[in-house]
Amino acid sequence: VYKRQVANQVILNHQSNGRGEPLSRSWNRLMFNMVFERDRFAMSFKPWYRFKEHGDDDDNPDIEKYLGHFEWLGLYQWHNKTLSLMLRNNLRSDNKGAVEIGWSFPISSRVKGYIKYFNGYGESLVEYNHSVESIGIGVLISDWL
């Protein structure tokens, strides 16, 4: 079955960890999300513009150095399983960014298991400027595709 869809989104995004100083982290962005899908493949390209905060109000003035200006997500689905690859990069010579590889698989008719490997910056807002390598296991109630 040949299937092709395109979705475009404009997003005003406020992301915060909800903590007080000195662990407070937040940022505001204007994001554009372009989603393309064909057969078993899908991809999303999400560039953003960060609204700068003024003076001492900025919890994390260097966050773009670590989380960059975009995120790319690629997906491949086969036999009710989905493989995902997420990439972020600051496109600078010091090359901060992140990669995440995920795999979802059915564990019941409505729930899927999920395993991911993450390496890079920005897995959490509190430690956005620390490089992290982790493996996660969880469940999905809604898959990517």
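This is a predicted model: local features need pLDDT of at least 70, side-chain atom pairs count only at pLDDT 80 or more; totals for chains, interfaces and linings use all residues.
The side chain of asparagine 33 forms a polar contact of 2.6 Å with the side chain of serine 44. When neighbours within four places in sequence are left aside, the residues in contact with asparagine 33 are Ala7, Asn8, Gln9, Ile11, Ser44, Phe45 and Lys46.

The chain as a whole contains one helix and eight strands. Their order along the sequence is β-β-β-α-β-β-β-β-β. The C-alpha trace spans about 55 × 30 × 30 Å along its principal axes. Of the 145 residues in the chain, 35% are buried.

Nine residues form the largest nonpolar core: Trp27, Met31, Trp48, Ile63, Tyr66, Leu67, Tyr121, Leu125 and Tyr128. Two elements, β2 (26–38) and α1 (63–67), each give two or more residues to this core. The largest share comes from α1, which supplies three residues. A second, separate core has six residues, including Ala42, Leu75, Met86 and Phe118.

Tyrosine 121 is one of the residues of the largest core. Apart from neighbours within four places in sequence, tyrosine 121 is in contact with Tyr66, Leu67, Arg88, Lys96, Gly97, Ala98, Tyr128, Asn129, His130 and Ser131. Among these partners, Tyr66, Leu67 and Tyr128 also belong to the largest core.

The second largest pocket has a volume of about 320 Å³. It is lined by 18 residues, of which Gln15, Arg29, Glu71, Arg88 and Gly122 are the closest to its centre. Arg88 is also listed among the contacts of tyrosine 121. At least two lining residues are supplied by each of β1 (4–16), β2, β3 (41–51), β5 (81–89) and β7 (112–120). The largest share of the lining, three residues, is from β2. By residue type, the lining of the second largest pocket consists of seven nonpolar, four polar and seven charged residues.

Key. Residues are numbered from 1 along each chain as its sequence is written. Side-chain values use heavy atoms; hydrogens and water are left out. A nonpolar core is a set of buried Ala, Val, Leu, Ile, Met, Phe, Trp, Tyr and Cys residues joined through side-chain atoms within 4.5 Å. Buried means under 20% relative accessible area, exposed over 50%, partly exposed in between (1.4 Å probe, protein chains only). Helices (H or I, at least four residues) and strands (E, at least two) are DSSP runs, numbered from the N terminus. Contact means heavy atoms within 4.5 Å. A polar contact is a pair of N or O atoms within 3.5 Å; within protein, one must be able to donate a hydrogen and the other to accept it, and residues adjacent in sequence count only if both atoms are side-chain atoms. On a 1 Å grid over the protein atoms alone, a cavity is a set of points where a 1.4 Å probe fits but cannot get out, and a pocket is an open set with protein on both sides within 12 Å along at least five of seven lines; lining residues have an atom within 4 Å of a point. Grid points are joined across faces, edges and corners, and a volume is the space filled by probe spheres set on the points. Ala, Val, Leu, Ile, Met, Phe, Trp, Tyr, Cys and Pro count as nonpolar, Asp, Glu, Lys and Arg as charged, and the others, Gly among them, as polar.
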